[in-house]
Amino acid sequence: MSDSMAILTVKAERPFRVEITRRSAECGKLRRISEALGSDHDRLAQLEFAAFVSRAAGDAKAAERWYAAFSSGLKHHIAVEEELLFPVFEKRVGLSPSTGPTAVLRREHEEILRLLGEILRTIGNPAKLPDEARAAFYEVLEKHHLREEEILYPALDYALSPGESDALVAKIQEFGT
């Protein structure tokens with residue numbers, strides 16, 4: 001099955017190209033949570049990187065556009081987790097939303113969104129330096145992604161049958177459309 005691809009180019013001193021590929025499973029192959037959401041982490045990282053490449057090249061408008069796309073995508077990703085993924089996990093393992101790993105992840109989402117907004121307000125202004133906020137953002141985000149990619153997503157892959165996982169991935173892909 002072919003994947004759809006968008007190729008995005010940022011004007012910089014040296015040409016820079018980001019390829020965003022919509023991944024699809026082979027016909028008959030069931031999709032897993034780890035692959036679907038891990039791939040989205042990678043896609044989002046490419047958008048964020050493109051924003052800062054544009055900023056470094058002096059193209060504040062492109063930096064704003066790239067970062068807005070990143071921000072929108074990250075907010076969507078967080079909504080998917082909080083509205084679809086976490087409730088399934090909590091129900092399957094018998095946890096309350098206010099306890100356990102999903103409670104920690106929700107608190108981290110709040111901090112990630114706060115820092116995301118701070119960077120979004122400054123990235124297009126050459127007079128402002130978002131470096132401190134970006135460093136804080138990455139400090140939270142890297143630990144957060146490790147918790148998701150090393151604990152939550154594999155736990156869901158294990159707890160759900162392949163068919164249940166595939167059905168949840170389908171819901172994730174349709175979320176917000």
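Trainee: Which helix does Ala68 lie in?

Mentor: Bear in mind that this is a predicted model, where local features need pLDDT of at least 70, side-chain atom pairs count only at pLDDT 80 or more, and totals for chains, interfaces and linings use all residues. Residues are numbered from 1 along each chain as its sequence is written, and side-chain values use heavy atoms, leaving out hydrogens and water. Helices are DSSP runs of H or I with at least four residues, strands are E runs of at least two, and both are numbered from the N terminus. Ala68 lies in helix H2.

Trainee: Is Ala68 buried, partly exposed or exposed?

Mentor: Buried means under 20% relative accessible area, exposed means over 50%, and partly exposed is in between (1.4 Å probe, protein chains only). Ala68 has a relative accessible area of 37%, so Ala68 is partly exposed.

Trainee: How far apart in space are Ala68 and Leu116?

Mentor: In sequence, the two are 48 residues apart. In space, C-alpha to C-alpha, Ala68 and Leu116 are apart by 9.8 Å.

Trainee: In what order do the elements of the chain run?

Mentor: The secondary structure comes to five helices and two strands. From the N terminus on, the elements run β-β-α-α-α-α-α.

Trainee: Are H3 and H4 roughly parallel or roughly antiparallel?

Mentor: Axes are lines fitted to C-alpha atoms, for helices over the stretch in contact, with angles from 0 to 180 degrees between N-to-C directions. The axes of H3 (residues 100–122) and H4 (residues 131–159) come within 9 Å and cross at roughly 150°. Angles under 35 degrees count as roughly parallel, over 145 as roughly antiparallel, 65 to 115 as roughly perpendicular and the rest as oblique. H3 and H4 are therefore roughly antiparallel.

Trainee: How many nonpolar residues does the contact of H3 with H4 have?

Mentor: Contact means heavy atoms within 4.5 Å, and residues of H3 including Leu105, Ile112 and Leu115 meet a set in H4 that includes Phe137, Val140 and Leu141. Ala, Val, Leu, Ile, Met, Phe, Trp, Tyr, Cys and Pro count as nonpolar, Asp, Glu, Lys and Arg as charged, and the others, Gly among them, as polar. Beside two polar and six charged residues, the nonpolar ones number 12.

Trainee: How does H2 lie to H4, roughly perpendicular or oblique?

Mentor: The axes of H2 (residues 60–93) and H4 come within 12 Å and cross at roughly 40°. That angle makes H2, relative to H4, oblique.

Trainee: How many charged residues does the contact of H2 with H4 have?

Mentor: On the H2 side, the residues include Phe70, Glu81 and Arg92, while H4 brings in Glu148 and Leu152 among others. By class there are 13 nonpolar residues and two polar ones, and the charged residues number three.

Trainee: Which residues does Glu108 touch, not counting residues up to four places away in sequence?

Mentor: Glu108 is placed in H3, and counts as buried because its relative accessible area is 12%. Glu108 and His144 are 36 residues apart in sequence but 6.9 Å apart in space, C-alpha to C-alpha. With those up to four places away left out, Glu108 touches Val140, His144 and Arg147.

Trainee: And which residues does Asp166 touch, again not counting residues up to four places away in sequence?

Mentor: Asp166 lies in H5 (residues 162–174), and its 16% relative accessibility counts as buried. Leaving out residues up to four places away, Asp166 touches Lys29, Leu30 and Arg31.
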